[in-house]
Amino acid sequence: MTLVEPSASRVRLGIIVAFVSAIVFGVYPVAARAVYADGGNAVFLILATTAARALSLAFFCVLKKKHLFATRDAVQQAFIGGAFQATSILGIFMALSWMSGPLVVVIVFTNTLMLLFFMMWRGEIKIDALTIILTALALFGLSLILDVWFQPQSVSLLGMMCAGIAAVATASRLYVYGRLMRTRDPAIVGAEAFLCAFLFGLLVLAFKAPQLPVSLAGYGWAAVSAGALAVGTFGMFYGIALLGSFRFSLVTKLEPMFTALFSVVLIHEALEIRQYLGMVILVGSLAAYQYVMNRPRKGDLSEKCSVTWQKMN
């Protein structure tokens, strides 16, 4: 095995893609709230948005003449990635049945720490106390943005278990995607995984029937939700291909911050000072991480967090 580090220009491009993806993903919760207010439910949105993500990637592959499910290994990998993707979606859906949304989001976003420790254990990331501290600090900033410390939160053991399962599935799918895209095209990996995820996602119908919006405005917001996730998903796969799983996951911690800002702009919600403090902590920890990882370090070429393992034939 050998360690290969992405070029500085590749890392910069990856950070831009991850940053834009976080912005686009941040639109979804605000649009979804509008769908719920118009009578649509989570089952409807899960099926609609997962289908939009799968079909947009598949259509892109068809346009570019990229062949899907070309080998038996590709089929197997697609079902693994799709199963993890569907598990994370269904886990969040079930957790929200028992617990408040902000707490579920914080638990699910611990996937970055899980991914970090797993990759450290695998030897793919250097065991580095500063990286752990900055990652934990970003998660703390996120918890302030979501205001989980000062607002009453409904807590449930079943809800925590479902959110934990979703977090593990999210960390797993990010890792799987990262490994696959060392040798495969991001759009193909994404299309195959989400087509399978949609099939697995149909299991949500066993829990509840979809409820459609009652007006054109609701359908319009549903289209915004689907479009945001479809565009963000392209960014996710190409961002992981450029940065690696962990670094992409860390940058996209900005997503709830953008959701909070969009809520202020679009639906005129008022944020507390502590939530803005959380934004400062989150952005500051991510900026500090990028500075630490990009500064010249003599004799440490292979130890950065963005390194990837490649098998030598």
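Trainee: What does Arg10 count as, going by its relative accessibility?

Mentor: Arg10 counts as partly exposed, at 36% relative accessibility. Two notes before we go on. This is a predicted model, so local features need pLDDT of at least 70 and side-chain atom pairs count only at pLDDT 80 or more, while totals for chains, interfaces and linings use all residues. Residues are numbered from 1 along each chain as its sequence is written, and side-chain values use heavy atoms, with hydrogens and water left out.

Stay with Arg10. Helix α1 holds this residue. Helices are DSSP runs of H or I with at least four residues, strands are runs of E with at least two, and both are numbered from the N terminus. Arg10 touches Ala241 and Leu242, leaving out residues up to four places away in sequence. Contact here means heavy atoms within 4.5 Å. A polar atom of the Arg10 side chain lies 2.8 Å from the backbone oxygen of Ala241. Now look along the chain. Ala22 is 12 residues from Arg10, and their C-alpha atoms are separated by 18 Å.

Next, find Asn41. Its place is in the loop between α1 (8–37) and α2 (42–63). Asn41 is buried, with a relative accessible area of 9%. The Asn41 side chain reaches two backbone nitrogens: that of Phe44 at 3.0 Å and that of Gln211 at 2.9 Å. Polar contacts are pairs of N or O atoms within 3.5 Å; within protein, one must be able to donate a hydrogen and the other to accept it, and residues adjacent in sequence count only if both atoms are side-chain atoms. Leaving out residues up to four places away in sequence, Asn41 touches Tyr36, Lys208, Ala209, Pro210 and Gln211.

Now the charged pairs. The whole structure has 7 salt bridges. Each is a side-chain nitrogen of Lys or Arg within 4 Å of a carboxyl oxygen of Asp or Glu. Asp185 and Lys66 form one of them, at 2.9 Å from N to O. Asp185 sits in the loop between α7 (157–180) and α8 (186–201), and Lys66 in the loop between α2 and α3 (72–95), so the pair ties together parts 119 residues apart in sequence. Asp185 is partly exposed at 23%. Lys66 is partly exposed, with a relative accessible area of 23%.

Arg179 and Glu124 meet in a salt bridge at 3.8 Å, N to O. Arg179 lies in helix α7 and Glu124 in the loop between α5 (111–122) and α6 (129–145), so this pair ties together parts 55 residues apart in sequence. Arg179 is partly exposed at 30%, whereas Glu124 is buried at 2%. Salt bridges that share partners join Arg122, Glu124, Arg179 and Arg182 into one network. Arg184 and Glu192 also pair, at 2.9 Å from N to O. Glu192 is buried, with a relative accessible area of 1%.

Move on to α6. This helix has 17 residues and reaches 24 Å from its first C-alpha to its last, close to the 24 Å expected at 1.5 Å a residue. That expected span is 1.5 Å times one less than the number of residues. At the N-terminal end Asp128 caps α6, with a side-chain oxygen 3.0 Å from the backbone nitrogen of Leu130. Buried residues of α6 include Thr131, Leu134, Thr135, Ala138 and Leu142. An α-helix has 3.6 residues a turn, so residues three or four places apart point the same way. Cover for the buried residues of α6 includes α4 (101–108), α5, α10 (245–251), α11 (255–267) and α12 (273–294). After α6 comes Asp147, whose phi is positive, near 60°.

Finally, step back. The chain has 12 helices and 2 strands. The radius of gyration is 19 Å, close to the 20 Å that the globule rule gives for 313 residues, so the chain is as compact as a globular protein of that length. That radius is taken over C-alpha atoms, and the rule is 2.2 Å times the number of residues to the power 0.38. Of the 313 residues, 52% count as buried. Among contacts with a separation of 6 or more, 86% come from residues 24 or more positions apart.

Terms used: Buried < 20%, exposed > 50% of the residue type's maximum accessible area, 1.4 Å probe, protein only.
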